[in-house]
Amino acid sequence: MSAAPQKAKAGAEKIAVTVSAVVPLNDLVTRFEFKRTDGAEFPPFSAGAHTVVEMQDGDRTRLNPYSLMSDPADRSIYAISVRRDDQGRGGSLFMHQKVKVGDAMTLTYPVNLFSLDLRAKKHVFFAGGIGITPFKAMIAQLEQSNGNWELHYACRTPALGTYADELTNAYPNKVHVYYDDQNQVIPLEDLLDGQPLGTHVYVCGPTGMIDWVHATAAAHGWPSENVHSEEFLAPQPGKPFEVRLCQSDITIQVGEHESLLEAMERCGVDAPFLCRGGACGQCETDVVEAEGDFVHRDHWLDDEDHASGKKIMPCVSRFVGKTLVLDR
Amino acid sequence: MSKFQFPESIASRPVYGTLEPRPGKAHLMIADAEGAEAILELASQDAALMAKTHIIYIPKGTDFSEKLRALKPAQFYEGPSYDASVQRIQKVLGDAHMGLQVYLAGTEGLMGQAMNEAVSAGIPASAIQTEHRGSVARRMQCVHCKGITEDVVTDPFVCSHCGLNLFVRDHYSRRLAAFQGVCIDAEDPGNVPEPVELYK
Ligand code: FES
């Protein structure tokens, strides 16, 4: 029979942790630091990795991915920085309002969908707002190996420039900050010009910024392999819909404010996932039958897959229509 | 006609395409012999291309140089052999910036070796365009003595270093930019089939 190890549960393995510090950084962003409850060291991670934080919010379990921003060389803590999103689905508000030092929580083992390409001759980072977090870890990792890097960081205002001062003070020649309220803009075209062959760029920030960097780099003749980005999508609310899961032999209702993946989990179906943000591909599910329209929102399937109506990524995508039957 | 359709083969065997103009800040075209024809066709598709192009060309006895010069590339270099041109290739790549497009055309030996230079300079292999033209001769490595024999056109052939009779395999090494040649009469020395032209 198959020799592949069978995991007991969907998602990455879990780690029980205790909140060791809650550090407000500005009006919107707070850092959370965790120690392992069993006192052991955390598993090593490579910069760019994220962890999925399990939040017990009443009888609702929330699972949100956050980039690890602590130094990968420090195995005594994991840290994340969370931006409060008042319009969001409530995960970030839960972190900001409910989580206190000493609380017990659960994290998953790190998964890296945004790693450094260590063959690069130089790394150029473009961060927008809270998109700074993976770069904190990348900078720490590269500093240890004397890596060649520079950071271009766009923030709304100096007061909201999370880690901007800290980074500028530590690396005055490598960190460049641009403030929206002072009409400062990342001079992307100039920065892409004249970079040595073998340079890789990385972008993390709002969708518009990610698309801008990809499109501009392509127009300048950069190979797509040299342009890296990460964007976790939060599932969007939508009209409730009904799904039949033929392997599990049940029919479930997906509510307005939950994702299809969350609805499956609520009904006891152990559906695969890793990132919960449309980026990793783990949750890909075959469509058996569909009468209606898909609302595809993931970054995983290509346009052809989206048009085919044969696949869906339940972590972020939805469905509007009469019948949907999934092979799950 | 300088085009040849290679038969389907194993996964390690390189597959070549057709050069097309791509957006870029600068363009480096490296070709030998009939590879010049691919560059001439490329230039005819985009009039603005040549003003930003550096051509490195090894004629190998053909007479395309004047036609290439007439394209008025920003720089044109004609080398007597690949080995004589490799320093120039390394220098151009070493000075280059992101946004450089690399186009390789001609024999497999030239494309494989120039590909290695471009990859070690930091360009991903998948972003480098290639187009095979002209001779189907192979650059072969003898797996026994490790010597390279250039321009092999028959199978089997005699290793130019150790003299063994070698069978021409499709097994290709990107690192060496060469196909592997394996002794064909190891079990029964002297029992060597009549050499036939490759792909015949
Ligand atoms: S869980 Fe990663 S794409 Fe859905």
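Predicted model: local features only at pLDDT ≥ 70, side-chain atom pairs only at ≥ 80, totals over all residues.

Biologist: Got it. Which domains does the assignment give for chain B?

Modeller: Domain 1 of chain B covers 26–132, and domain 2 of chain B covers 138–197.

Biologist: And how far apart do the C-alpha centres of domain 1 and domain 2 of chain B lie?

Modeller: Those centres are 28 Å apart. As for the contact between them, domain 1 of chain B supplies 7 residues and domain 2 of chain B supplies 10 residues.

Biologist: How much area do domain 1 and domain 2 of chain B bury between them?

Modeller: About 560 Å², with 43% of it on carbon and sulfur atoms. On the domain 1 side, B:Glu108, B:Gln113 and B:Asn116 lose the most area to domain 2 of chain B, and together they make up 60% of what that side buries.

Biologist: Nice. What about salt bridges, how many are there across the interface of those two domains?

Modeller: The rule finds 1 salt bridge between domain 1 and domain 2 of chain B. There is a salt bridge in the model between the side chains of B:Lys60 and B:Asp151, at 3.4 Å from N to O.

Biologist: And how many residue pairs are in polar contact between domain 1 and domain 2 of chain B?

Modeller: 4 residue pairs, with both residues at pLDDT 80 or more. By class, the side of domain 1 that touches domain 2 of chain B has 1 nonpolar, 4 polar and 2 charged residues.

Biologist: Let's switch to the two chains. How many residues of chain B are in contact with chain A?

Modeller: 17 residues of chain B, and they meet 17 residues of chain A. The two chains bury about 1300 Å² between them, and 59% of that is on carbon and sulfur atoms.

Biologist: Which residues in chain B lose the most area to chain A?

Modeller: They are B:Lys25, B:His97 and B:Met98, together 46% of what the chain B side buries. B:Lys25 also forms a salt bridge with A:Asp193, where the closest N and O atoms are 3.2 Å apart. The count between chain B and chain A is 1 salt bridge.

Biologist: Last one: what classes of residue are on the side of chain B that touches chain A?

Modeller: That side has 9 nonpolar, 7 polar and 1 charged residues. Across the interface of chain B and chain A there are also 7 residue pairs in polar contact, both residues at pLDDT 80 or more.

Definitions and conventions. Residues numbered from 1 in each chain as written. Chains lettered and ligands numbered in written order. Heavy atoms only, no water. Contact = heavy atoms within 4.5 Å. Buried area = accessible area lost by both parts, 1.4 Å probe. Salt bridge = Lys/Arg side-chain N within 4 Å of Asp/Glu carboxyl O. Polar contact = N/O pair within 3.5 Å; in protein donor to acceptor, adjacent residues only side chain to side chain. Nonpolar A, V, L, I, M, F, W, Y, C, P; charged D, E, K, R; others polar. Domains from an automatic or database assignment.
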